[in-house]
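Please look over the sequence and the model below before reading on.

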Amino acid sequence: MQFTVQRRDMLSALQTVIGVVERRQTMPILSNVLIQGENNQLTLTATDLELELVTHCPAVIENPGSVAIPARKLLDICRGLPDDSEIQCRQEGNQTKIQSNRSRFTLAVLSADDWPHLDEVENGQTISIPENTVKGLLDRTHFAMAQQDVRYYLNGLLLSLRSDRVRCVATDGHRLALSDADINVDVDEAIQAIIPRKGVTELVRLLGNSDAEIRLMLSNKHLRLQLPGLSFTTKLIDGRFPDYERVIPAQPEQEMTAHRETIRQALSRTAILSNEKFGGVRLTLGEHTLKLQAQNVEREEAEDEIEVSYEGQPLEIGFNVTYLLDALGAMDGEEFLLALSGADSSGLLQAVGDESSRYVVMPMRL
């Protein structure tokens, strides 16, 4: 195999797929990127056996073929070359010779015959959906996914499709994020799939804000998104997502509305002196006032008072400040609503006038 490629094209393609390449792996070939060259185009594939990314870049193919090259070493070489460089690659047995101007490198490579491919997405549902719709749903929910929870189905994000709506839901058992997009979807019946955490993280990185339609293919075991110049495939988590709707407060007794950015900044200030392990902050609601208090193990204290719209009974409740900040950061709009039923009940947060995204935070004892 032999080809010539512009440094900027190769660098862009490698940066697209590198997030899948594991630094630590049980199979040496998984630290490589599969490069296939034919018809004046390079196809780059990276996989960790759960997730696969495929992208393309233009090149002059002198000798078609395929080879598995160490991904991060090749990426670092491309990064280190001048911007307008041209890269020449030539495979010789189990090595690849790389030359650019007076720079020369020799990398050990593996046979493309040993490359592990994911199974094809078969007998699935195919829909078209705007790219920015998927991006928005993920941005507003993905932060609430669990990390390495023994309840493996929480280490991912629920994608729920029905004919008039697309919904994303994430929860770690202490908080929940839900976001809806009311659009027509070509599905015969409701479909649910749990996308694993790494797949969600990569999608958040790869998706843009274009309103162009992208293809989404969903089977019992796989999800595939076809983006311009990119194919994304991930295995799905085989499990049952919890009944999340029952934890959303149905008829909260008391409501507070406030300026979102003002509260977010006050919480950030108060969090400086919160307990590093638990991150608790006490909210004390009174007539038209919200008092924020935090204390750490060194008995250092922070206190802030904000003017809000609240006319209910005095109420004191504790929350994890990070959970509140994450929810406020994911919202749009200037004003937000905090709905409560008591000091021991969950809080419901959402932007005023927008019920498409809702956030539930469990209280904590302080």
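## Overview

Helices and strands are DSSP runs, of at least four residues for helices and at least two for strands, and they are numbered from the N terminus. The model is predicted. On that basis the protein has 6 helices and 25 strands.

The C-alpha trace spans about 75 × 55 × 35 Å along its principal axes. The protein has 366 residues, and 51% of them count as buried. Among contacts between residues at least 6 apart in sequence, 66% join residues at least 24 apart.

## Two loop residues with positive phi

Most residues other than glycine have a negative phi. Asparagine 40 is not a glycine, yet its phi is positive, at about 55 degrees. Asparagine 40 sits in the loop that runs between strand S2 (32-38) and strand S3 (41-47).

Histidine 288 also has a positive phi, near 65 degrees, and is a residue other than glycine. Its place is the loop between strand S19 (280-286) and strand S20 (289-295). With a relative accessible area of 33%, histidine 288 is partly exposed, because partly exposed residues fall between the 20% limit for buried and the 50% limit for exposed.

## Aspartate 48

Aspartate 48 lies in the loop between S3 and strand S4 (51-58). Is this residue buried or exposed? Aspartate 48 counts as buried because its relative accessibility is 12%, and buried means under 20%.

The side chain of aspartate 48 has two polar partners to look for in the model. One is the backbone nitrogen of glutamate 50, reached at 2.9 Å. Another is the side chain of lysine 198, with which the aspartate 48 side chain makes a polar contact at 2.9 Å. Apart from neighbours within four places in sequence, the residues in contact with aspartate 48 are Val20, Glu22, Leu30 and Lys198.

Helix H2 covers residues 71-80, and its buried residues are Ala71, Leu74, Leu75, Ile77 and Cys78. These lie on the same side of H2, because they cover an arc of only 160 degrees around the axis. An α-helix has 3.6 residues a turn, so residues three or four places apart point the same way. Lys73 and Gly80 are exposed on the other side of H2.

What do the buried residues of H2 pack against? Their partners are helix H1 (7-17), S2, strand S6 (65-70), strand S7 (86-92), strand S8 (95-100) and S9.

## Alanine 108

Strand S9 comprises residues 103-108, and alanine 108 is part of it. Alanine 108 counts as exposed because its relative accessibility is 56%, and exposed means over 50%. Leaving out neighbours within four places in sequence, alanine 108 is in contact with Pro70 and Asn94.

Alanine 108 can also be set against glutamine 350. The two are 242 residues apart in sequence, and their C-alpha atoms are 54 Å apart in space.

## Helices H5 and H6

Helix H5 (residues 260-271) and helix H6 (residues 321-330) have axes that come within 10 Å and cross at roughly 155 degrees. H5 is therefore roughly antiparallel to H6, since angles over 145 degrees count as roughly antiparallel. On the H5 side the contact is made by Arg260, Ile263, Arg264, Leu267, Ser268 and Ala271. On the H6 side it is made by Val321, Leu324, Leu325, Leu328 and Gly329. The crossing of H5 and H6 is left-handed.

Technical notes
Residues are numbered from 1 along each chain as its sequence is written. This is a predicted model: local features need pLDDT of at least 70, side-chain atom pairs count only at pLDDT 80 or more; totals for chains, interfaces and linings use all residues. Side-chain values use heavy atoms; hydrogens and water are left out. Buried means under 20% relative accessible area, exposed over 50%, partly exposed in between (1.4 Å probe, protein chains only). Contact means heavy atoms within 4.5 Å. The arc is that of the directions from the helix axis to the C-beta atoms. A polar contact is a pair of N or O atoms within 3.5 Å; within protein, one must be able to donate a hydrogen and the other to accept it, and residues adjacent in sequence count only if both atoms are side-chain atoms. Axes are lines fitted to C-alpha atoms, for helices over the stretch in contact, and angles run from 0 to 180 degrees between N-to-C directions. Angles under 35 degrees count as roughly parallel, over 145 as roughly antiparallel, 65 to 115 as roughly perpendicular and the rest as oblique. A crossing is left-handed if the near helix is turned anticlockwise from the far one by less than a right angle, and right-handed if clockwise.
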